[in-house]
4 protein chains.
Amino acid sequence: MSHNTFGHLFRMTTWGESHGPAIGCVVDGCPPGIPITAEEIQVQLNRRKPGQSRFTTQRREADAVEILSGVFPDASGEQVTTGTPISLLIHNTDQRSKDYGEIKDAFRPGHADITYWSKYGIRDFRGGGRSSARETAMRVAAGAIARKVLGAGVVIRGALIQIGEHKVDRSRWDWETVDTNPFFSPDPGMVPEWTHYLDSVRKNGSSVGAVVEVVAEGVPAGLGAPLYAKLDQDLASAMMSINAVKGVEIGAGMAAAELTGEANADEIRIGNDGKPRFLSNHAGGILGGISTGQPIVCRFAVKPTSSILTPRQTIDTQGHETEIVTKGRHDPCVGIRAVPVGEAMMALVLADHLLRHRAQCG
Amino acid sequence: MSHNTFGHLFRMTTWGESHGPAIGCVVDGCPPGIPITAEEIQVQLNRRKPGQSRFTTQRREADAVEILSGVFPDASGEQVTTGTPISLLIHNTDQRSKDYGEIKDAFRPGHADITYWSKYGIRDFRGGGRSSARETAMRVAAGAIARKVLGAGVVIRGALIQIGEHKVDRSRWDWETVDTNPFFSPDPGMVPEWTHYLDSVRKNGSSVGAVVEVVAEGVPAGLGAPLYAKLDQDLASAMMSINAVKGVEIGAGMAAAELTGEANADEIRIGNDGKPRFLSNHAGGILGGISTGQPIVCRFAVKPTSSILTPRQTIDTQGHETEIVTKGRHDPCVGIRAVPVGEAMMALVLADHLLRHRAQCG
Amino acid sequence: MSHNTFGHLFRMTTWGESHGPAIGCVVDGCPPGIPITAEEIQVQLNRRKPGQSRFTTQRREADAVEILSGVFPDASGEQVTTGTPISLLIHNTDQRSKDYGEIKDAFRPGHADITYWSKYGIRDFRGGGRSSARETAMRVAAGAIARKVLGAGVVIRGALIQIGEHKVDRSRWDWETVDTNPFFSPDPGMVPEWTHYLDSVRKNGSSVGAVVEVVAEGVPAGLGAPLYAKLDQDLASAMMSINAVKGVEIGAGMAAAELTGEANADEIRIGNDGKPRFLSNHAGGILGGISTGQPIVCRFAVKPTSSILTPRQTIDTQGHETEIVTKGRHDPCVGIRAVPVGEAMMALVLADHLLRHRAQCG
Amino acid sequence: MSHNTFGHLFRMTTWGESHGPAIGCVVDGCPPGIPITAEEIQVQLNRRKPGQSRFTTQRREADAVEILSGVFPDASGEQVTTGTPISLLIHNTDQRSKDYGEIKDAFRPGHADITYWSKYGIRDFRGGGRSSARETAMRVAAGAIARKVLGAGVVIRGALIQIGEHKVDRSRWDWETVDTNPFFSPDPGMVPEWTHYLDSVRKNGSSVGAVVEVVAEGVPAGLGAPLYAKLDQDLASAMMSINAVKGVEIGAGMAAAELTGEANADEIRIGNDGKPRFLSNHAGGILGGISTGQPIVCRFAVKPTSSILTPRQTIDTQGHETEIVTKGRHDPCVGIRAVPVGEAMMALVLADHLLRHRAQCG
């Protein structure tokens, strides 16, 4: 049982606060002989890095990752995992603590400030401390290793499909476009609309929610388990563990409530490759907690950050009523940077279940 | 790591197949000295029991629970927990296996049949075996013990809020009405409409999805943890582990995507009791993974069962294409009986986190 | 984290008290397709069964095991595991609770009576309740399944090598003789001596300690892990978890303290099979926490039971000083029946590590 | 399930290789509000530090620990734990890798070289990589935090009681003397003898084993659990997880085999403080897996290091037979520096069980 570890056989334990000297994680259980370099991890980190457009926080972090253990050159001189724990570390470089002085004593509504205080009686208030989304950098880093464990046959991609009430048009879905716009939008036609909309949100010092969709293709059938290690259960856990997430859906998701049995059942044929071929994917690639071989489809809703310029009523650590305005550097739509984080969590869940499946079923 | 265990400090391990001799569970980690009787557990089991109306499966099960260990009379003669594992067992009495002979070789679309087969190469096909919702009886039984651990101050109630496209009117919400209709509807005005609608679904041999809402009141602030033991994360895991669930929401849920920061932030005042009082509850009682003291609000969508009378295209264990009709006794809306199951999962998560919080924070 | 579960991927959760209606266990994580029958499990249970000679407790228990879940006929009709939890149950039939009435209020020195009381404030005093060695029946049962998982190539055998100060002569070691005498002695020459000695112990209403040695041959190299999942660590945990065990040794054990580096290092050659061949086995088959391919050798000391006829000073639950004599039916040397239990624990550790190794290293 | 984590509620995850850039650990689950500074941790680290006498390795390491997360000034300005993970890091400064080049391809008999290779197919051979006793620095560091969690009322002390065949005279036991000689000897009279003996071992390029005893006083009654979370079981696991340990004893240990029930049963009276007072402590402070309130007494045997100057027969990674001499800087008696490590493991086990007990029993 661990409060800061995710996964069972392929595990990530993260540590660090937003404004401490560094953040880091330990990846444990990784199979040996997997080629991995800091550069490969950095590629994923750079996708999540703040300050890349005016729609994400202006905090400037190099987010340069170091590998401190667990890799070694193999006979050919290539850096590979050794099966021992992989320690990753990122130094915090742009802490500007004074920005946050005002929230030292008062609780930002909608933030973890008040609950950390009520639970622990102490909190590192600088930049949210442990509750900062900065921790998600380590998820992305560990997720980059998980991708290598899964191999090139498993392709995990995420996209932002909704900002506020503005949803992408799925008929225009183009994965190629996702990394070419500041929103991870799979719908190029939506980019101007979101740009316009988020500019107004940003200028008002406001924020807005979003929906992220993550899809994993090439996942072999058989991952997961019937009951309390269901693949969808662990995905729900994974996505809900991301800061600000309030809902998780697999396949048809909440809309499954409106379907009939006829509509919902994904009929099965034999494909040209001799494998089962499903005529639809309401299941989101998972039946009875176990992968079907179809794409795994997962969505999650990210609430708007409560760090906004509009004054809000709150209380302070002394129990006095007060008002608060959060002036720091914040994301008008934290959902944007949640896209690579969602991908990473998908990769972590699948790598863990790949090992779990191999353990029991060979 | 365990495939059939839920929880960490307050743990439930379930076992058994739908048509084996019995199903059961072991509840471990229960504090000593908690009064509990089989009768108290039975009260909750009876709420989930099949065959109580024409809208649930006509399978006839007494679902009579036996306590085989872990309780002993205290000095006053009252049966209390001893701190050792509590073994609960229910004999299966109405197995009628022949009903299921037809699904021995073919996979029901939308069911776990095909994924169990692909994972394990063998499955107990009788009544779905381990994938049967019959397993949820043990969740309800263990949940009854969890309620006792939480104490009378924590009130956990569930309700069905949507069947197909038919949603309750929240302005008519009345908890008192929930146990007085066959749907666990909190809206008495919706009962005739659902009755009419489900009768038609049932007569067509079809099925339909639903949404369940579970609310826990009286939960103390401070339960949960910042990252990978978030209370909302564990609730998402708990609810998604229930058969047929495809989506989970906390508080505002998926709709949080459409909110602005101003709307979403639950402002805070000091209540008459000197404790924080929130002016709204978009957070669903959880901030940063930790309970705020407000009601915990969780919803989940249940897909329609794929056991329907309409023939569906499928394949068999030999890889041949075929058709299947599921003639067994099934629930037209499995979401109904998911209400007490959702309550039980809420109780299990909260009891576990109560112990976890006590461990770290005294 | 679990108080009543042993193992990680191949896991056993036991439940039940000595004088409750039944004892049982749930074996989880078992690979599918392993042939197993109640009869095979019973063979091992019978080796541990009480009342088989005058040197073990005269309690009469059939110890007839039932399999309640997790097995199903495969295509050929053979009962095999399905990958779902295997529930095993043994009804208690000879409870004679009145024998134990005298220990209801007073604590037997050297027993768990006082610590259960201090921890939980309540205990099932009948026959020791949960602290009874009766629980070890479930270890033996689960161990029988673990043996099947390991396969016929792994041979696990135990023997009693010391009773009181009387040690076997290792030069006369003969595995064939172990199951042909009431002591599991590997030294036929020691049988008369032990018979004579234990008869006197028994007649005096006394008891005596013993040492058990368990050897596993055919264990592949590579099981275990470098640090906190060391194979020797998990064996130490396993053996120390057996009732009354006070010391555990791997290979040279405590005597390693007296060795020099030259004497202790097991030199390595290449065997005729092309595999490493060690010229000695001070390591007991484990280096750096990982199996070498040599026999795994583990020993443990079992203290004498404190259930003796000599009056001992003690206190009662009210805090008064008193005396106690334990008149129940007890083993003069509980170490004897610990032999099959030690074998079972070895099997459980190895099966767990086999799956763990497969998970990480394929 | 984790290969590099020790503990359940109070947990330590270690990482790093002997000759990588750094070693470190993450301490998770620590209660909030515990005052802790790097200086306090350093005090314990310095007791284990190499190069402090001619009887330990001459490797020169400052072993300066940094706290990277999890502490924050409280209202009074004192550094206290926040309840979030505590990341500790020590830079490796004296790696001198060329010393170890000769063992790149050949396996040192008695070392983990061959088993790492057989398990993972790759190993960081520099200084033993992950198998180096250097890892134990992090145990000592984490143990220093565990001591703070236990509080000043729990006193944990270790001593070396045997080197080779030379045992201390227990009648001369004096805890005060332990930290005043290079052997952690509790018997000042033994110091000259050990000095003389180890000088000869060292000059011969040989090594020798030892026995360490660790005693914890002030441990409250009630820690531990009846079966698979027994306090003695977890101590056995903890001590056997230390490099080179081959045997673990609790209380009477292996000698319990020679005792009668009369001799072994620790009789109980009521002490002047109204608490149970035991007339002896063969149990080593643990009955039925649960602490009695008496001193917890644990011993473990450390084998001699196989890094010796005498040539030994071995094989290389290519499967060829060869000879090896280990010329590096090594401890003639690795048991010496195991004393603070054993203390640390005792502290980690007790802190974990303190939280576990509080979770279940309040």
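Modeller: Across the interface of chain D and chain B, the rule finds zero salt bridges, a salt bridge being a side-chain nitrogen of Lys or Arg within 4 Å of a carboxyl oxygen of Asp or Glu. This is a predicted model, in which local features need pLDDT of at least 70 and side-chain atom pairs count only at pLDDT 80 or more, while totals for chains, interfaces and linings use all residues. Residues are numbered from 1 along each chain as its sequence is written, chains are lettered from A and ligands numbered from 1 in the order in which they are written, and side-chain values use heavy atoms, with hydrogens and water left out.

What the rule does find between chain D and chain B is nine residue pairs in polar contact, both at pLDDT 80 or more; such a contact is a pair of N or O atoms within 3.5 Å, where within protein one must be able to donate a hydrogen and the other to accept it, and residues adjacent in sequence count only if both atoms are side-chain atoms. On the side of chain D that touches chain B there are eight nonpolar residues, four polar and one charged, where Ala, Val, Leu, Ile, Met, Phe, Trp, Tyr, Cys and Pro count as nonpolar, Asp, Glu, Lys and Arg as charged, and the others, Gly among them, as polar.

With contact meaning heavy atoms within 4.5 Å, 13 residues of chain D meet 13 residues of chain B. Together the two chains bury about 990 Å², 58% of it on carbon and sulfur atoms, buried area being the accessible area (1.4 Å probe) that two parts lose on being put together, summed over both. In chain D, the most area is lost to chain B by D:Arg358, D:Ala359 and D:Gln360, together 51% of what that side buries.

As for symmetry, a rotation of 180 degrees with 0.0 Å of shift along its axis superposes chain D on chain B, with an RMSD of 0.0 Å, by least squares on the C-alpha atoms of residues with pLDDT of at least 70 in both. The two copies are therefore related as by a two-fold rotation axis, and D:Ala359 has the C-alpha nearest that axis in chain D, 2.1 Å from it. Because 100% of the interface residues of chain D are also interface residues in chain B, the copies meet through the same surface.

For reference, chain A and chain B bury about 8,600 Å² between them, with 107 residues from chain A and 108 from chain B in the contact, and their count is four salt bridges.
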